[in-house]
Amino acid sequence: MANVLWLQGGACSGNTISFLNAEEPTVVDLITDFGINVLWHPSLGLQLGDEVQQLLHDCVNGKVPVDILVYEGSVVNAPNGTGEWNRFAGRPMKDWLTELSKIAGFVVAVGDCATYGGIPAMEPNPSESLGVQFLKRNKGGFLGADYVSQAGLPVINIPGCPSHPDWISQILVAVATGRVGDLTLDEFHRPQTFFRSFTQTGCTRNMHFSYKATTQDFGQRTGCLFYDMGCRGPMTHSSCNRILWNRVSSKTRAGMPCLGCTEPEFPFHDLKPGTVFKTQTVMGVPKELPAGINKKDYALMTVVSKDASPSWAGEDFFTV
Amino acid sequence: MAVQKLEISPVGRVEGDLDVRVDIEDGQVVNAWTKAELFRGFEVILKGKDPQAGLIVTPRICGICGASHLTSASWALDTAWGTEVPRNAILARNLGQLVETIQSHPRHFYALYAIDLTNKKYKNSPFYEEACKRFSAFTGTSYELAITTSAKPVELYALFGGQWPHSSYMVPGGVMCAPTLTDITRGWGIMEYFRTNWLEPVWLGCSLERYEEIQTYEDFLEWLDESPNHANSDLGFYWRMGLDIGLDKYGGGPGRYLTWGYLPHEDKYQHPTIEGRNAAVIMKGGVYDSFTDMHHMVDHTFARENTSHAWYEEGTADVHPFDRTTQPKHINTNDYEGKYSWSTAVSHKDLGRMEVGSLARQLVAGGKHGESWQHYDGLILDMFKKMGGPSIHLREFARMHESVKLYREVERCLREFKLNDPWYIKPTEKDGRGWGGTEASRGALCHWVEVEKGKIKNYQVIAPTTWNVGPRDGNHTRGPIEEALVGIPIEDTSNPVEVGHVARSFDSCLVCTVHAHDAKTGKELARFRTN
Ligand code: SF4
Ligand code: SF4
């Protein structure tokens, strides 16, 4: 049995709500089949008020073991590092996190806010938000670069705005069933099993990408969203087109450019004027190229692909 | 007898961190304060950004009502830019809204509300054992089914938006998707699954058609007695247990109700303007004043915010959202005589504090005002009058009652799509002011945007919970939930489940409320920046 305590700081609840959509396994399976015991959760927990405070104190004092501490939302430090702008159970949430992180077996950060600071930490970051162990690309975050939990691991980050439900539930199962040894983490502590491949891997617009056929505007079934619409699929590490969302689709399949939400820079360019849903270009060439390709080769490939482009590449083959 | 103060932190199972203080005398609440304890600063963040930044940022205000924020953000820019929105896009946006709410209702009922029926307070009720069997967290037979089945409607959302939550598929001028026949038919199949696996057999215990025959309170009671399937469905069972344990006896609230209306009509709102919106929405807007038994028309200019008791330094006057100059107060100590919440106090200029949410929508749906083609449904208003006014029980019933109507509206959207017609008409960006409103599952939601020199000058949001959970206003009038708490019984101060019931019946969502408003100058807040 693994005790899970789930807390929310500067959060929108999106990861919790996403989590409820999990299918393999479902939230209920986690509890009934995988022996996960939810000590408390802000949306699902039974207790209120003093009972919650008592439970939290019991956790901090080691009376109740916390095998997995799940943290959703940014760590709010405002004003002036006090954390008073996000109080929970009678005190700054960040103080609970400090204490609980010392006794937790594993700490799992779910969603971008907990991982990198996310939208709340976007400039000018009025809530002085940090991620649990990162701020954007910088390691450290709230708990510090050297932090390891009782089990000797740094914070396991499951980014995404929100995280895909199966990313969360499968990591919880891996931890609860003793498979944590198989977990390999990348430089941002993301489990590689989900975050080594790209959003583009599995995208139905991939053939259009190859032949440089662009989606000219919204509301089109065809073309690739990279060239004009600002899609970050080729440079974002995620499994959105392998492990589909809500079992049926992904942003890019539906026609929405990938925003790169699993990467530390999300939201890219701080959403400055002119950067939303538009590819940033220099003399017609995208400023940011697919991962691992240089400008020269990209230019070469463009010429070849355009020449080789078959007639259907410009047509709508996802016909009504 | 001495007044006993009870501080409850956190109340939990409302999204975000709600704390409540109640003063208790002779086992009854005599005064109450609700406070929101989180500040993230979304409106500060939006300042100076791309006009379309709201489409990405505002759904992240709340992961539960993301589609509603996206809807409001899109319609706000549509009115600011003077776009044309093709009918397919209006239907596709409405569809997103509808399935989000249809998903939300069972999740609210089972995950947030009904698990309290298993509280030890009710162990002497003849319904208790069955309630534990059905509604216990995670293991209850209905709980498990509802959690898994409620993930279905948003699959339809994903077919249009790629994912739920947090897609930004609605944009000024239309939507990003162009679904094919298979998306539509698959979506239809998904909804059929939801209907035949949960809505009809588990919730209603009858067909949608039979349920739709219910028009009055008497019809409802007759339906309840008609068959064991009705009496023992989750709805029937809940209704009977609720009366047994007295949920119809408390949690009334302010007695005035507001909805701005929602679901623009696909043929009547293709050239969206702020002025043209009232007549163009299918679910009509309005205020129901239970004290005078009158319905009033509304428009957004009636909205006022007051920060006398909120942690902002903006004086004590009521201001319209366009005129907010919000300044978060640096030190946010609790002062129940003074400032004690990040939520502002919202009111209607002439009619005062209002409750928003399903009960409000249904009481307004029972009014004879509005256009002849707009939605009318008198059931909840009839029950309201015959049951002697509002209560937790009626509020909860009103919420679940909507599911059937919204389901029908989904079917209508799916039928109305013309797949070869446009889904998007590219607009021209321009400066201006816009307003977009809708109804999130938990109530009236509006965005106000001002675009100047190609960037956001001011972005303001009033979320449903801002209305409901707001603190006292400039006249010291209590907020709706505060008002609903006064007079409730507290049987055992170590187990104040009654406070939980009230808060949950409003389905409050604090993460919505704690939007930071706009600072006078963006620079003033820069000193809070982390390095
Ligand atoms: S739409 Fe985006 S993810 Fe899909 S192929 Fe194009 S660039 Fe890649
Ligand atoms: S497609 Fe891109 S923006 Fe969307 S969830 Fe995946 S990584 Fe995030």
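Between chain A and chain B of this predicted model, an area of about 7200 Å² is buried, and carbon and sulfur atoms give 60% of it; buried area here is the accessible area (1.4 Å probe) that two parts lose on being put together, summed over both. In chain A, the residues that lose the most area to chain B are Leu48(A), Trp85(A) and Arg87(A), which together make up 11% of what that side buries. Counted by residues, the contact (heavy atoms within 4.5 Å) draws 82 from chain A and 90 from chain B.

Several elements of chain A each supply at least two residues to the side that touches chain B, namely helices H1 (14-19), H2 (27-32), H3 (50-60) and H9 (251-254), together with strands S2 (36-40) and S5 (87-88). Helices (H or I, at least four residues) and strands (E, at least two) are DSSP runs, numbered from the N terminus. H2(A) gives the most, with five residues. By class, this side of chain A has 41 nonpolar, 28 polar and 13 charged residues, where Ala, Val, Leu, Ile, Met, Phe, Trp, Tyr, Cys and Pro count as nonpolar, Asp, Glu, Lys and Arg as charged, and the others, Gly among them, as polar.

Within chain A, Arg221(A) and Asp316(A) form a salt bridge at 3.1 Å, N to O. Arg221(A) sits in the loop between helix H8 (206-210) and H9, and Asp316(A) in the segment after helix H10 (295-308), so this pair ties together parts 95 residues apart in sequence.

Turning to helix packing in chain A, the axes of H3(A) and helix H4 (residues 93-103) come within 9 Å and cross at roughly 45 degrees. Axes are lines fitted to C-alpha atoms, for helices over the stretch in contact, and angles run from 0 to 180 degrees between N-to-C directions. H3(A) and H4(A) are therefore oblique to each other; angles under 35 degrees count as roughly parallel, over 145 as roughly antiparallel, 65 to 115 as roughly perpendicular and the rest as oblique. H3(A) contributes Gln53(A), Leu56(A), His57(A), Cys59(A) and Val60(A) to the contact, and H4(A) contributes Trp96(A), Glu99(A), Leu100(A) and Ile103(A). These residues divide into six nonpolar, two polar and one charged.

In chain B, Asn31(B) belongs to strand S3 (residues 28-36). The side chains of Asn31(B) and Arg478(B) are joined by a polar contact of 2.8 Å.

Some backbone details in chain A complete the picture. The peptide bond from Ala78(A) to Pro79(A) is cis, with omega near -5 degrees, and Pro79(A) lies in the loop between strand S4 (75-76) and S5. The bond from Glu123(A) to Pro124(A) is also cis, with omega near 5 degrees.

Residues are numbered from 1 along each chain as its sequence is written, and chains are lettered from A and ligands numbered from 1 in the order in which they are written. Local features need pLDDT of at least 70 and side-chain atom pairs count only at pLDDT 80 or more, while totals for chains, interfaces and linings use all residues; side-chain values use heavy atoms, with hydrogens and water left out.

Key:
Polar contact = N/O pair within 3.5 Å; in protein donor to acceptor, adjacent residues only side chain to side chain. Salt bridge = Lys/Arg side-chain N within 4 Å of Asp/Glu carboxyl O.
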